[in-house]
Amino acid sequence: LANSVGSGLLGAVLERAPELAGAAVFSDPICFELSSGDVLHNFLYAEPPCCGGRWPRDYVHAVQRAMVVLEPSVQFCFRRTFWWTHNYIHPADLPCDALVVLGGCDTVADPHDVRQALEAYQRGCVERGETPRVRLEWHEGWLHGGLHSDEAAQRRIIRDVLTRPWEAHGEGGQREA
């Protein structure tokens, strides 16, 4: 289970030691969109949006910026030692089944772009007669890290990953939550 920047680390582990994982969960991942400049810009440079009636999203972005992004060791890591290309993974390269949980109000990786890319991957698999390794779960109102504040969703996701019901029931790889 990995959230945000941890998704890049999980992707790297899955690429280098695939035998270690039977399944994976990516929550608000950055690893599928590192090829776009949006993640870098949104995390390191973007100022919190100014109100506009979306105060929870703005507030979370502002707190994230003040407590995480501007912290000197984080700045050093992401500007000097984080190899962005080493933390990217394409869904087709996943060695195991994976669940990707996206919050529709994420301010780091654009969740709509991530969703679109993963749905395109799923469609391509279906067109080739393959079963997609990635299942997508979308939560429209969740902010970045929304899974951390929903204990019922955490329990359900853990249960689902352990039993992987989407394989048995052929859910088509998507779930609107």
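Trainee: With which residue does Arg156 form a salt bridge, and how far apart are the closest N and O atoms?

Mentor: Some background comes first. This is a predicted model, in which local features need pLDDT of at least 70 and side-chain atom pairs count only at pLDDT 80 or more, while totals for chains, interfaces and linings use all residues. Residues are numbered from 1 along each chain as its sequence is written, and side-chain values use heavy atoms, with hydrogens and water left out. Side chains of opposite charge can pair when their charged atoms come close. A salt bridge here is a side-chain nitrogen of Lys or Arg within 4 Å of a carboxyl oxygen of Asp or Glu. Arg156 forms one with Glu137, the closest N and O atoms being 2.6 Å apart. Arg156 lies in helix 6 (residues 151–163) and Glu137 in strand 4 (residues 134–139), so the pair ties together parts that are 19 residues apart in sequence. Helices (H or I, at least four residues) and strands (E, at least two) are DSSP runs, numbered from the N terminus.

Trainee: Is Glu137 buried or exposed?

Mentor: Buried means under 20% relative accessible area, exposed over 50%, and partly exposed in between, with a 1.4 Å probe and protein chains only. Glu137 is buried because its relative accessible area is 0%. Arg156 also counts as buried, at 14%.

Trainee: Which residues are linked with Arg156 in a network of salt bridges?

Mentor: The network links Arg135, Glu137, Arg156, Arg159 and Asp160. Within it, Asp160 pairs with Arg156 at 3.6 Å between the closest N and O atoms. Both residues lie in helix 6, four residues apart, about one turn of the helix.

Trainee: How many salt bridges does a search of the whole structure find?

Mentor: The search finds eight. One of them joins the side chains of Arg115 and Glu119, at 3.1 Å from N to O. Both of these residues lie in helix 5 (residues 111–127), and both are buried.

Trainee: What should I look for in the backbone, and where is Ser4 placed?

Mentor: Most residues other than glycine have a negative phi. Ser4, however, has a phi near 55°, a positive value, and is placed in the loop between strand 1 and helix 1. Asp28 likewise has a positive phi, of about 45°; its place is in the loop between strand 2 and helix 2 (38–45). Asp28 counts as buried because its relative accessibility is 3%.
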